[in-house]
Amino acid sequence: MSREVKMLLIYIFPSTMPAVPAGSIYGNQQGPSCFDRVKLGFMMGFSVGMATGALFGGFTALRYGLRGRELLNNVGKVMMQSGGTFGTFMSIGAGIRCH
């Protein structure tokens with residue numbers, strides 16, 4: 001490998017990046033609180049539910065023959081419903097796992 005390529009790689013991928021200490025975004029060294037875990041569970045569940053709702057709601061609406069505005073309204077409604085449902089169950093599960 002030539003010297004120029006090595007210098008370019010060192011410039012792109014520096015090896016002396018500062019490490020972020022655990023729990024630093026929460027302001028203490030104890031990690032996330034139970035409420036933070038419940039929020040994260042809801043957000044993860046909501047995003048998975050939205051993706052699932054887009055797939056299942058989209059295929060179902062196309063099977064019913066919906067097009068245009070009706071299709072978007074129906075898919076959006078199914079996405080919000082499934083996202084809210086799955087997010088709720090994921091947040092309950094995260095709350096149960098908290099001590």
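Biologist: Which residues lie nearest the centre of the largest pocket?

Modeller: This is a predicted model, in which local features need pLDDT of at least 70 and side-chain atom pairs count only at pLDDT 80 or more, while totals for chains, interfaces and linings use all residues. Residues are numbered from 1 along each chain as its sequence is written, and side-chain values use heavy atoms, without hydrogens and water. A pocket is an open set of points on a 1 Å grid over the protein atoms alone where a 1.4 Å probe fits, with protein on both sides within 12 Å along at least five of seven lines; lining residues have an atom within 4 Å of a point. Of the 11 lining residues, those nearest the centre are Cys 34, Arg 37, Ala 94, Arg 97 and Cys 98.

Biologist: Which element gives the most residues to that lining?

Modeller: Helices here are DSSP runs (H or I, at least four residues), and strands are E runs of at least two, numbered from the N terminus. Two or more lining residues come from each of α2 (34-64) and α3 (69-97). The element that gives the most, with 5 residues, is α2.

Biologist: How many helices and strands are there in the chain?

Modeller: From the N terminus on, the elements run α-α-α. The chain therefore counts, by these DSSP runs, 3 helices and 0 strands.

Biologist: What percentage of the residues in the chain is buried?

Modeller: Buried means under 20% relative accessible area, with a 1.4 Å probe and protein chains only. Among the 99 residues of the chain, the buried share is 17%.

Key:
Buried means under 20% relative accessible area, exposed over 50%, partly exposed in between (1.4 Å probe, protein chains only).
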